[in-house]
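Reader: Could you walk me through the charged pairs here, one at a time?

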Amino acid sequence: MGSKLKVKTTHYIMFRRLKRSAHTLLTNAMVEFTKGKRQAVFVFTEECKSTDFNRITSAQNSTLTTRLQAGQGYGNTLNCILTVYRNESAVGFFKGMSFPLASIAVYSSVTFGVFSNTQRFISQQRYGDSNHAPALSDLIVASMVAGVVSVGIGGPVDLIKIRLQMQTQPFFKANINLKHRAIGFPAYRGPIHCVSSILRQEGLAGMYRGASAMLLRDVPGYCLYFIPYTVLCGWITPEGCISPSPSSVWMAGGIAGAISWGTATPMDVVKSRLQADGVYLNKYKGVVDCISQSYHSEGLKVFVRGITVNAVRGFPMSAAMFLGYELSRKALRGDQAETNP
């Protein structure tokens, strides 16, 4: 008993040190990337502060989306809500969320930081001014870079979350000939045990199961996240204002989030299924095989499962994220002027 507790404590300490080291490394790298300019510090500090807004809105759990996309027998969103509550009470809606909440500050900071610094770097190289208004092509490149980086950080986090959310789900005909786990009983005791189990059974590559599908989701997804926000902010903000109002930021961020999450749903379904695959057995050989099997067994409608939850959740979550980001930036820079003199 004492040895098990010691191992669990060691894993926890290693995880905390790894997270702290990764955050420090990425922060220092981006500061160096912008040649020590003050803006680089702002990007990460602002996003860490805006994470407080995002933690509140993230409370509406992604369990519903995961169950609808990777589970069986739920039918629609309302039936999924009732089933989860009836079988698992209110606690069921928050399964697997401790790991994402613990890492959301690093994830959000790096993603927004990479986008902002890449955008400024491109403007500096093309126009000689890092504060020059970016062209559409500049926004596309910066968004794609942010999407690629987000997979490196968010892939393992999403995997742990989905494994914990799906480990007690019923499996039907596809899940026969199971080797060593009993269906309906938890395979993992918590996030640390989940990480150690995956590393022991599948190696480091197992932590990035579904990463290819996540790339196909996040690269275009972030393009449809940052670009609509930038365009809408410019369109809503009255002429003569040097910065958008909080209401403009909230509206533009919410719409951008709904667009991004709504359009990303088909590949989100594939990603969720690939990451849930492996709790009890390995059903899919890859992205193409997952798409093929899902289509042949459930038709095209399977690829829009959870789209309502994604879009509805995406609006307040993204609105809070962008609002916190812009307000923090304004406060840190001491920018009190709202209009040009």
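Reader: How does glutamate 298 count by relative accessibility?
Author: Glutamate 298 counts as partly exposed because its relative accessibility is 23%, where buried means under 20% relative accessible area, exposed over 50% and partly exposed in between, with a 1.4 Å probe and protein chains only. This is a predicted model, in which local features need pLDDT of at least 70 and side-chain atom pairs count only at pLDDT 80 or more, whereas totals for chains, interfaces and linings use all residues. Residues are numbered from 1 along each chain as its sequence is written, and side-chain values use heavy atoms, with hydrogens and water left out.

Reader: And which residue forms a salt bridge with glutamate 298?
Author: Arginine 305 does, with the closest N and O atoms 2.6 Å apart; a salt bridge here is a side-chain nitrogen of Lys or Arg within 4 Å of a carboxyl oxygen of Asp or Glu. Arginine 305 is partly exposed too, at 27%.

Reader: Which residues do shared partners join into one network?
Author: Asp158, Lys161, Arg217, Asp218, Asp268 and Lys271. Within helix α6 (residues 136–166), lysine 161 and aspartate 158 sit 3 residues apart, about one turn, helices being DSSP runs of H or I with at least four residues, numbered from the N terminus. Their side chains meet at 3.8 Å, N to O, and both residues are buried.

Reader: What does arginine 163 meet in a salt bridge?
Author: Glutamate 202, at 3.6 Å from N to O, and this pair links distant parts of the chain, since arginine 163 lies in helix α6 and glutamate 202 in helix α7 (residues 191–202), 39 residues apart. Arginine 163 is buried at 0%, whereas glutamate 202 is partly exposed at 26%.

Reader: Switching topic, how many disulfides does the structure hold?
Author: There are 0, counting pairs of cysteine sulfur atoms within 2.5 Å.

How values were computed: Helices (H or I, at least four residues) and strands (E, at least two) are DSSP runs, numbered from the N terminus.
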